[in-house]
Amino acid sequence: MTSEAPPPTTNNALAARELEWAINSPSLLAEHAAINKGIVRTRFPPEPNGYLHVGHAKSMNMNFRLAFEKLGVPMEQRRTIFRYDDTNPDAESPEYIDSLRRDLAWLGWEPERTTYSSDNFQTLYELAVKLIEKGLAYVCDMTKSEMEAQRDLAKRRSSARAVGKDPDVEAPIPSSDVLPGRNRDTPVERNLRLFEEMKLGMHDEGSLTLRLKMDFESANPNMYDLVAYRIRYTPHPHAGKGWCIYPNYDFTHGICDSLERIDYSICTLEFETRREPYYWILWALDMYRPKVYEMSRLNLEYTVLSKRRLLKLVNAKYVRGWDDPRMPTISGLRRRGYTKEIINTFCNDVGATRAMNVVEMAKLFQVARTTLADSTRRAMAVLTPVKVVITNFEEEAAKVGEGGMTFEVQNSPTDPSYGSHTVSLTQTIYIDSEDFRLEDDPSYFRLSPNQPVGLKYHGGNLICDNIFKDGDSIKELTCHLDSSDGRPKPKSHITWVPSDGITCEVRVYNHLFTEPEPSDRWEEELNPASEIVHPNAIVDPSVLELVDKKDVDKWKSNQALQFERLGYFVVDTDTTFDSMTKEGKLVFNRTVSLKEDKAVKKISDAEAKEKERRAEQQRKDAAARDILMTIDPKDLFKLAPEYIGSFSQYDETGLPTHNADGTEVTKSGRKKLEKERVKHAKKFGKGAKH
């Protein structure tokens, strides 16, 4: 199959592996060019089976902007379709459908139009019938386990051929019922009849599938007669109850690309082996074949982007929900205070290549700091407040006269257009517990019994006179101000809030995982200090007009503030605060810290205790692993602490055959246990070498 290529309208920036099936005939090229009329079209096709995450943000950036820039496409010729790849009703929901639409709009991307794969169900069905009529598809009654055995046999035969061995010796076919399968060469009439019966709901779920007659001798397992349709008696969240057979992803997305006149079908590298079935299907149907380009997926430190793992985080209540500020979802990032400018700039910086890499979380943090530094209003806040009574306040206030204890503060230190606000020093103020120590320390520059500290905006020195404690915690300090001309220069100045500050809850977020690249044991690597809640924080009253519940919306960026010396924060959607009555709960989330001053960095007592608890847990886990490494694989299920008491009988190899209650271990259960033993055997072997 050969043809002449059309006159190029773009460069080869998105060129990838070529296949004979991918070549369009001159007539298909001419038809496509006549319809698109110079337009270059991409698509963004997420499946509505969860919330969009930062990896999808990278894909959006590629499909709506970067791909066109790489190809040199003028602005007026760029088009991108937003398509719901909604072929799996068991995993999809109206909630997910709505969230995808909202996140796309919030990030600022405007699609040419919004489509649904499910809107093509009738067309897809008719094309499947066409493949049956051409003898390229058949209805199969093989069970899932039979198909797995068939695929395994085909793989082993392919592996033998790859090394020059005889597949009939290395992996002989026991029966044609196994390979190519008892249904593969059945008559067209039989397959048309059964496929119609599947559509009419005359067969049970899992009893029949429609498979494509592809190539069992291919080196690519994705060509082993893929399932194109399966029976599911589940109403569709968009299409409704009209269908009980649903097409799978591989059959659907290439056809939809062709129907929608896509020029470049962009996906991630794990789909590279799917380009064979993608083009085979379009070749078999004689439909236009878009160009396919695979880029590396986004891998980000200290998080996971697998939909399965994200769903587990939500369902197991490790996080507050899909929009938890620790989640890498667009909703979670937005709730944490990351704006669309931050996310899109980050995606621009990351770019899109075929090189696999892990992006440092620090890059996202730095983009956030750079963006928020120029656009965020300042305020003062304390996370763990300590009450301070200024004993000579009246005397100091008299020195400066009326209004002398009220200070004008620029909302932005770099942009006067942001205006200013005022904050008033009161006789009782609150400072952060981090800014006071009972014992003097040469390396500590803030307040201590024998060390004064500057008071920001007032300028005078705050000197500690008395300390009142409640058990081990400091309840109150009495201090006096020194504003004399000859006062010693303080080593630092601290922030404070006045007596009429607003009580709030502040949630400080850290990495979700303790490991930069979470492993298969990722649930054990969750960071117990990923969220630290300060329930009694106080923020200065200048923010009152900015933090009302009426202005809080989960689908937009909420009010961001820079808490001086603490970081960038945003009003959380849990806020119920009424600025008129000053009632209700005010909640802030920390978006990102400021650049840390290493000279004064100090963790709180709570953080120190949590750090020690984690260290102790890690020591226990390490000890448990050491014990596990002494257990021979054949005794794993008898001696390993996690399995003791779980089983009552074992076979000659040590694999459990019966559960503790005497019931027989299922076949699938034994298979899982065998996999666990194989994993342990590998680790045991490595341990023995050391």
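Analyst: Before we start, a residue is called buried when its relative accessible area is under 20%, exposed when that area is over 50%, and partly exposed in between. Please also keep in mind that this is a predicted model.

User: Okay, with those cut-offs, where does arginine 521 fall?

Analyst: Arginine 521 has a relative accessible area of 40%, so it is partly exposed. Its side chain meets that of glutamate 524 in a salt bridge, with 3.1 Å from N to O.

User: How many salt bridges are there?

Analyst: The count comes to 50 salt bridges, taking a side-chain nitrogen of Lys or Arg within 4 Å of a carboxyl oxygen of Asp or Glu as the rule.

User: What about arginine 102, which partner does its side chain meet?

Analyst: The side chain of arginine 102 forms a salt bridge with that of aspartate 98, at 2.9 Å from N to O. Both belong to helix α3, which spans residues 94-106, and because they are four residues apart there, about one helical turn separates them.

User: And how accessible are those two?

Analyst: Arginine 102 is partly exposed at 32% relative accessibility, and aspartate 98 is also partly exposed, at 26%.

User: Now aspartate 574. What does its side chain pair with?

Analyst: Aspartate 574 and arginine 335 meet through their side chains in a salt bridge of 3.2 Å, N to O. Aspartate 574 sits in the loop between β24 (567-571) and β25 (587-592), while arginine 335 is in helix α12 (residues 330-336), so this pair ties together parts that lie 239 residues apart in sequence.

User: Are they buried or exposed, each of them?

Analyst: Aspartate 574 is partly exposed, with a relative accessible area of 32%, whereas arginine 335 counts as buried at 9% relative accessibility.

User: Changing topic, which residues of helix α11 are buried?

Analyst: In α11, which runs over residues 307-315, the buried residues are Arg309, Leu310, Leu313 and Val314. They lie on the same side of α11, because the arc they cover around the axis is only 140 degrees.

User: What is on the other side of α11?

Analyst: Arg308 and Asn315 are found there, and both are exposed.

User: And what comes after that helix?

Analyst: Lysine 317 follows α11, and its phi is positive, near 60 degrees.

Methods:
Residues are numbered from 1 along each chain as its sequence is written. This is a predicted model: local features need pLDDT of at least 70, side-chain atom pairs count only at pLDDT 80 or more; totals for chains, interfaces and linings use all residues. Side-chain values use heavy atoms; hydrogens and water are left out. Buried means under 20% relative accessible area, exposed over 50%, partly exposed in between (1.4 Å probe, protein chains only). Helices (H or I, at least four residues) and strands (E, at least two) are DSSP runs, numbered from the N terminus. The arc is that of the directions from the helix axis to the C-beta atoms.
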